[in-house]
Each structure stands twice: as C-alpha cells, then as structure tokens.
Amino acid sequence: MNAPHPAKALPAIDPARCTGCGRCVGLCPPQVLWLETADPRGWGPKHAVLHDAPGCTGCALCAVHCPFDAIQMVRNCSARPAAEGSR
Ligand code: SF4
Ligand code: SF4
C-alpha cells in the first residue's frame with residue numbers, strides 16, 4: 001500500500017548496528033519494515049529492511065525507538081514538490 005504522498009525522509013538502516021530485535025518492525029504503522037537474513041536460505045543473523053519504500057510515511061517512529069541507534073532518516077529525493085525549480 002502506498003502512502004498518499006511520498007515521504008520527505010526514509011529510514012536508512014545500518015546492518016552493522018542492527019541487532020534484529022524487531023522493535024521497529026512491530027511499531028511501524030504501515031508495516032513496511034521486516035526482518036531479513038543476508039543468507040537467502042534464512043540462516044544467520046537477521047536485520048531490519050525497508051521492503052516497501054513507497055508505503056513509508058516518513059513518521060520516523062522506527063528511528064526514534066530503535067534501541068541501538070541503527071536507523072537514520074535520510075532525505076527522500078523523489079519527494080520534491082512538483083513546483084520546485086519551475087520558475
Ligand atoms: S529496532 Fe533497530 S536494532 Fe531493532 S530491528 Fe529495528 S533497526 Fe534493528
Ligand atoms: S518512518 Fe514510519 S512508516 Fe517509515 S518505516 Fe519508519 S516507522 Fe515505518
């Protein structure tokens with residue numbers, strides 16, 4: 001499900017800091033985060049992944065509540081207003 005407008009910022013998850021605790025996954029309102037392993041067979045440590053960027057609202061709840069400071073909100077370049085640069 002896509003958010004009504006592109007989010008101004010999207011979460012960038014640092015896999016080196018992410019412990020796979022799942023807190024962000026559980027509290028993301030549109031449920032656009034999930035846990036993944038680097039191994040396609042599902043072995044090894046999990047870390048959070050933004051699997052549906054267009055569905056992210058940019059609310060930053062995930063970044064604020066990550067206990068390990070693994071999420072930074074970064075500007076979403078595709079969210080520029082349509083009128084920007086038009087004059
Ligand atoms: S809350 Fe932080 S440490 Fe936990 S899964 Fe999400 S990004 Fe990883
Ligand atoms: S910014 Fe909000 S909507 Fe986007 S992934 Fe984080 S908690 Fe979910």
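M73 has its place in strand β4, which spans residues 71-75, where helices (H or I, at least four residues) and strands (E, at least two) are DSSP runs numbered from the N terminus. This is a predicted model, in which local features need pLDDT of at least 70, side-chain atom pairs count only at pLDDT 80 or more, and totals for chains, interfaces and linings use all residues. Residues are numbered from 1 along each chain as its sequence is written, while chains are lettered from A and ligands numbered from 1 in the order in which they are written.

**Overall layout and confidence**

- The chain has two helices and four strands, and, read from the N terminus on, its elements follow the order β-α-β-β-α-β.
- The chain averages a pLDDT of 90, and 86% of the residues score at least 70, pLDDT being the predictor's confidence in each residue, from 0 to 100.
- Over residues 83-87 the pLDDT is below 50, and this stretch has zero contacts in the model beyond near neighbours in sequence; two residues are in contact if their C-beta atoms, placed from the backbone, lie within 7 Å.
- Among contacts in the chain between residues at least 6 apart in sequence, 71% join residues at least 24 apart.
- Of the 87 residues in the chain, 16% are buried; a residue is buried if 20 or more other C-beta atoms lie within 10 Å of its own, exposed if 12 or fewer, and partly exposed in between, with C-beta atoms placed from the backbone.

**The two ligand shells**

- Ligand 1 is surrounded by 14 residues, the closest being C18, C21, R23, C24 and C66, where a residue is near a molecule or strand if its C-beta atom, placed from the backbone, lies within 6 Å of it.
- The elements that give two or more residues to the shell around ligand 1 are α1 (23-27) and β3 (46-50).
- The shell around ligand 1 divides into nine nonpolar residues, four polar and one charged; here Ala, Val, Leu, Ile, Met, Phe, Trp, Tyr, Cys and Pro count as nonpolar, Asp, Glu, Lys and Arg as charged, and the others, Gly among them, as polar.
- Around ligand 2 there are also 14 residues, of which C28, C56, C59, L61 and C62 come nearest, and that shell divides into twelve nonpolar, two polar and no charged residues.

**The nonpolar core**

- The largest nonpolar core has 13 residues, of which C24, C28, L33, C62, C66 and I71 touch the most other members; such a core is a set of buried Ala, Val, Leu, Ile, Met, Phe, Trp, Tyr and Cys residues joined through C-beta atoms within 7 Å.
- Leaving aside its neighbours within four places in sequence, C66 is in contact with R23, C24 and I71.

**Around strand β4**

- M73 counts as partly exposed because it has 17 C-beta neighbours inside 10 Å.
- Not counting residues up to four places away in sequence, M73 touches A9, P11, A60 and A63.
- M73 and G58 are 15 residues apart along the chain, and their C-alpha atoms are separated by 8.0 Å.

**Loop between α1 and β2**

- V32 lies in the loop between α1 and β2, and V32 is buried because 23 other C-beta atoms lie within 10 Å.
- Apart from neighbours within four places in sequence, V32 is in contact with L50, H51, D52, G55 and C56, and its C-alpha atom is separated by 9.5 Å from that of T57, 25 residues apart along the chain.
- Q31 lies in the loop between α1 and β2 and counts as partly exposed, with 13 C-beta neighbours inside 10 Å.

**Positive phi angles**

- Most residues other than glycine have a negative phi.
- Q31 has a positive phi of about 55° although it is not a glycine, and A60, likewise not a glycine, has a positive phi of about 70°.
- A60 lies in the loop between β3 and α2 (61-65), and A60 is partly exposed, with 16 other C-beta atoms within 10 Å.

**Two prolines in loops**

- P45 is found in the loop between β2 (33-37) and β3, and P45 counts as exposed because it has 12 C-beta neighbours inside 10 Å.
- Leaving aside neighbours within four places in sequence, P45 is in contact with G20 and T37.
- P15 is found in the loop between β1 (9-13) and α1, and P15 is partly exposed, with 14 other C-beta atoms within 10 Å.
- P15 and A48 are 33 residues apart in sequence and 7.6 Å apart in space, C-alpha to C-alpha.
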